[in-house]
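User: Could you take me through this structure and tell me what stands behind each label?

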Amino acid sequence: MDQLSLELQGERFLEEITALQQKGAQLMEENQRLKQMENLFSTETYVLEQGQSSESITNICSSSDPQNNDSSDISLKLGLDCSIS
């Protein structure tokens, strides 16, 4: 293989590494989001087992993670959502 061929192959490897790093970052973000959903569902299950009201669920969820203060709107629907696949 000549020098030009090696350089092109090296560039392709670097592009692939960059793409894989981006994919890894996306997967880590998705994993974090799924962990947050798991925590929310765990809290919902615990509260429902204790027989508390949906207002209690809101209070517990909003105070469960003081570091996550991103002012996002969290809504909770009680019951089974059949649209989730």
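Analyst: Here come the labels, each set against its cut-off. This is a predicted model, where local features need pLDDT of at least 70, side-chain atom pairs count only at pLDDT 80 or more, and totals for chains, interfaces and linings use all residues. Residues are numbered from 1 along each chain as its sequence is written, and side-chain values use heavy atoms, with hydrogens and water left out.

User: Why is the contact of R33 with E30 called a salt bridge?

Analyst: The term asks for a side-chain nitrogen of Lys or Arg within 4 Å of a carboxyl oxygen of Asp or Glu. For R33 and E30 the closest N and O atoms are 2.8 Å apart, so the pair qualifies. The structure holds one salt bridge.

User: Where do R33 and E30 lie?

Analyst: Both are in helix α1, residues 3–50, three residues apart, or about one turn. Helices here are DSSP runs (H or I, at least four residues), numbered from the N terminus.

User: How do you know that the length of α1 agrees with its residue count?

Analyst: The expected span is 1.5 Å times one less than the number of residues. For the 48 residues of α1 that gives 70 Å, and the end C-alpha atoms are 70 Å apart, so the two agree.

User: Which residues of α1 are buried?

Analyst: Those are T43, E44 and V47.

Methods
Helix = DSSP H or I, 4+ residues; strand = E, 2+ residues; numbered from the N terminus. Buried < 20%, exposed > 50% of the residue type's maximum accessible area, 1.4 Å probe, protein only.
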